[in-house]
Amino acid sequence: MGSPVLHQGAMVQCPHGVPAQPIPSQVRVMTNHQPLLTQSDVFTIAGCPFQLPGPTPSPCVQVRWVTASLRVRASGVPVLLQTSSSLCLAGTQAPQGPALVAGVSPRVSAL
């Protein structure tokens with residue numbers, strides 16, 4: 001059995017507990033009446049409190065997806081799965097750790 005897919009309402013957080021807000025690039029393939037998320041979608045993070053020793057602010061500002069589904073695509077782009085690998089990045093593009101994923105859906109429908 002495959003992994004559940006991510007949709008716009010899925011809870012994705014930076015490793016410091018701040019929610020990431022997805023901006024779906026496609027709205028044709030839906031699950032639970034919400035667009036499926038794809039590897040090319042932009043995820044922004046606002047309000048991350050992470051600081052480097054010093055204290056130098058280094059908040060997470062975006063999520064970059066490293067892996068996605070090998071078989072399932074939406075509008076030609078691989079969809080994100082609960083098991084997809086990601087990196088949260090600071091404004092300097094320094095990796096901060098993987099995103100935490102919850103709230104996924106196994107049901108998909110195409111319009």
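A: Start with the pairing rule: two strands pair if DSSP finds at least two bridges between them. Strands (E, at least two residues) are DSSP runs, numbered from the N terminus. This is a predicted model, in which local features need pLDDT of at least 70 and side-chain atom pairs count only at pLDDT 80 or more, while totals for chains, interfaces and linings use all residues. Residues are numbered from 1 along each chain as its sequence is written, and side-chain values use heavy atoms, with hydrogens and water left out.

Q: How many bridges join strand 8 to strand 11?
A: Strands of a sheet pair through backbone hydrogen bonds, either parallel or antiparallel. Strand 8 and strand 11 (residues 86–90) run antiparallel and are joined by five bridges. W65 has S86 in strand 11 as its bridge partner.

Q: Which strands make up the open sheet, and in what order?
A: The sheet has five strands in the order 2-5-8-11-12, paired antiparallel. Strand 2 (20–23) and strand 12 (95–97) are at the edges; each has a single partner strand, so one side of each lacks a neighbour in the sheet. On average, neighbouring strands are turned by 35° against each other, direction ignored; the axes behind such angles are lines fitted to C-alpha atoms, and angles run from 0 to 180 degrees between N-to-C directions.

Q: What are the pairings of strand 5?
A: Strand 5 (residues 42–45) pairs with strand 8 (residues 60–65) over two bridges, in the antiparallel sense. T44 stands opposite Q62 there. Strand 2 is joined to strand 5 by four bridges, also antiparallel, and P22 has F43 as its bridge partner.

Q: Which residues touch the most other members of the largest nonpolar core?
A: A nonpolar core is a set of buried Ala, Val, Leu, Ile, Met, Phe, Trp, Tyr and Cys residues joined through side-chain atoms within 4.5 Å. Of the 17 residues here, they are C14, F43, I45, V63, W65, L80 and C88. The largest share, three residues, comes from strand 8.

Q: Where is S58 placed, and which residues does it touch?
A: S58 lies in the loop between strand 7 (56–57) and strand 8. Contact means heavy atoms within 4.5 Å; not counting residues up to four places away in sequence, S58 touches F50, Q51, L52, A90 and Q96. S58 is buried, with a relative accessible area of 8%.

Key:
Buried means under 20% relative accessible area, exposed over 50%, partly exposed in between (1.4 Å probe, protein chains only).
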